[in-house]
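The sequence and structure are shown first.

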Amino acid sequence: MSGHTDMVLVDENGMRIDGRTAEQHRPFKVEAGVLNNADGSAYVEIGKNKVLAAVYGPRECHPRHLQDPTKAIVQCKYNMQSFSVSDRKRPGPDRRSIEISKIISEALEKVVLTELYPRASIDVYIEILQANAGTRCAGLTAASVALADAGIPMRDIVPAIAAGKADGHVLLDLNKEEDNYGQADVPIAIIPSTDEIVLLQMDGNMTREEFDYGIKMAVAGCHELHELQKDALKRRYSKKAQEGSE
Ligand code: ADP
């Protein structure tokens, strides 16, 4: 988010370097139930981001001092693989992955019916296999499908996407160059049935009008992504039903 580059991010026709218009998101792909040994799982691509999510639980919460006698806690571990970025990333947790794990856990706790499982933990593992800006959004999008795949009761499934600003233009779903050299990045996640925002971060600067416009675009993007999340779960359950009847 330097805001300074000689690179043209949006040309005079309003076209972005990957051929998108300002309001276009990158291609989405969502699959549910991709791992045999987790209680629930999902795979998501947002453009060049490739993300796996796996869920275990609800199960007894360890360490015990984290137990809440009134509800379950959602413990998310976001991990960026060494090979997910162009220069090998040092393995293991760092400040960024701890922050992302925390905000994703908080967003998911808004939709999971945690009060049904006192003292339990619902564990969510997010593995970033390939990163190109927007991994927290792809990770949260995958995690909520994995939770549904695990049969965990939720108010709704959560889609997430970023809006931002580059070359003075408000853009949907920033890619790596736009994120690195642009002026603002605003990832959001919503509860689609109410449009309630469960995650909102902002890096950089925008005017109030640009911010409002960016949020409007991101909410529309979230609704598109939500349709694909539902389709992935429907495919998963019709496959399960077929296997059951064979
Ligand atoms: P997000 O991936 O959610 O957009 P950031 O804005 O922090 O999160 O990161 C933007 C992009 O920068 C990432 O998607 C990734 O492509 C790249 N990136 C982040 N951390 C690293 C790292 N440690 N090494 C190399 N590239 C990284």
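This is a predicted model: local features need pLDDT of at least 70, side-chain atom pairs count only at pLDDT 80 or more; totals for chains, interfaces and linings use all residues.

The largest pocket holds about 480 Å³ of space. It is lined by 22 residues, and those closest to its centre are Arg96, Ala133, Gly134, Arg136 and Asp179. Two or more lining residues come from each of helix H1 (95–109), H2, helix H3 (176–181) and strand S8 (184–191). By residue type, the lining of the largest pocket consists of eight nonpolar, seven polar and seven charged residues.

The second largest pocket holds about 230 Å³ of space. Its lining has 14 residues, with Cys76, Lys77, Tyr78, Pro93 and Ser101 nearest the centre. Strand S4 (73–80), H1 and strand S5 (120–130) each give two or more residues to the lining of the second largest pocket. S4 supplies the largest share, five residues. Sorted by type, the lining of the second largest pocket has six nonpolar, five polar and three charged residues.

**Ligand**

Around the ligand there are 13 residues, and Arg96, Ala133, Gly134, Thr135 and Arg136 come nearest. Arg96, Ala133, Gly134 and Arg136 are also among the residues closest to the centre of the largest pocket.

| Residue | Protein atom | Distance to a ligand oxygen atom |
|---|---|---|
| Arg96 | N or O atom in the side chain | 2.7 Å |
| Ala133 | polar backbone atom | 2.7 Å |
| Thr135 | N or O atom in the side chain | 2.5 Å |

For Arg96 and Thr135 the protein atom belongs to the side chain, whereas for Ala133 it belongs to the backbone.

**Asp149**

Asp149 is part of helix H2, which covers residues 135–149. H2 is also one of the elements that give two or more residues to the lining of the largest pocket.

Is Asp149 buried or exposed? Asp149 has a relative accessible area of 4%, and because the cut-off for buried is under 20%, Asp149 counts as buried.

Which residues does Asp149 contact, apart from its neighbours within four places in sequence? They are Gly33, Asp39, Gly40, Ser41, Leu233, Arg236, Tyr237 and Lys240.

Methods. Residues are numbered from 1 along each chain as its sequence is written. Side-chain values use heavy atoms; hydrogens and water are left out. Helices (H or I, at least four residues) and strands (E, at least two) are DSSP runs, numbered from the N terminus. Buried means under 20% relative accessible area, exposed over 50%, partly exposed in between (1.4 Å probe, protein chains only). Contact means heavy atoms within 4.5 Å. On a 1 Å grid over the protein atoms alone, a cavity is a set of points where a 1.4 Å probe fits but cannot get out, and a pocket is an open set with protein on both sides within 12 Å along at least five of seven lines; lining residues have an atom within 4 Å of a point. Grid points are joined across faces, edges and corners, and a volume is the space filled by probe spheres set on the points. Ala, Val, Leu, Ile, Met, Phe, Trp, Tyr, Cys and Pro count as nonpolar, Asp, Glu, Lys and Arg as charged, and the others, Gly among them, as polar. A residue is near a molecule or strand if one of its heavy atoms lies within 4 Å of it. A polar contact is a pair of N or O atoms within 3.5 Å; within protein, one must be able to donate a hydrogen and the other to accept it, and residues adjacent in sequence count only if both atoms are side-chain atoms.
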